[in-house]
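Dear colleague,

Please find the structure below. My notes on it follow.

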Amino acid sequence: MMEILKRFGRFFVSGASAALLNFGVYYLLITFSSLDFLTAGAVAFITAFFAAFFLHRHLSFKTEGQLSSRRQLLLYFLLSLANLACIEAILYLLVVHASVSPMIAYVLAAGSMTLFSFGVNNAVVFAKSRFDNSRIWSLALASCGAAAALFLVHLFLFEPYITTD
């Protein structure tokens, strides 16, 4: 039990570090470059994504016998897409249907997905490679792909933004 709590603590610190890097890169690009805010946001997100992956792989979930880096990176990317899709869905439900403040809704959505993300990263993405050649990878990839597809459907079927005025 203590090992899981220590691992979650490392996971939280690694994720917070990546979030600070994301904000810092975004701020620097907006302030000191000629990039527009959307491009700066994309560059900041990609930078933070790879930093988070590296930190989680080498600090949060440091174990022997892990999967290959490429497989972990793919699973981590798909999990990140699934997390984004779930956060968007939770935000939509809380803000539009439950009239929760967007900031409070975001804290609730991101907080709940942090716990989910830790569980999946701990059990699948950065776990020892006992499942390396089994069908669980097909199931995991299909699940993450389905979540990402649902997010894309959400983007195209619903309004691009919803005002709460």
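How much space lies in the largest pocket? The volume is about 1200 Å³. A pocket here is an open set of points on a 1 Å grid over the protein atoms alone, where a 1.4 Å probe fits, with protein on both sides within 12 Å along at least five of seven lines; lining residues have an atom within 4 Å of a point. Grid points are joined across faces, edges and corners, and the volume is the space filled by probe spheres set on them.

This is a predicted model, in which local features need pLDDT of at least 70 and side-chain atom pairs count only at pLDDT 80 or more, while totals for chains, interfaces and linings use all residues. Residues are numbered from 1 along each chain as its sequence is written, and side-chain values use heavy atoms, with hydrogens and water left out.

The lining of the largest pocket comprises 34 residues, with A19, N22, F45, I87 and Y106 nearest its centre.

The structure also holds 2 salt bridges, a salt bridge being a side-chain nitrogen of Lys or Arg within 4 Å of a carboxyl oxygen of Asp or Glu. In one, R7 meets E3 at 3.6 Å, N to O. E3 also forms a salt bridge with R10, where the closest N and O atoms are 3.5 Å apart. R7 counts as buried, at 15% relative accessibility, whereas E3 is partly exposed at 39% (buried means under 20% relative accessible area, exposed over 50%, partly exposed in between, with a 1.4 Å probe and protein chains only).

Yours sincerely
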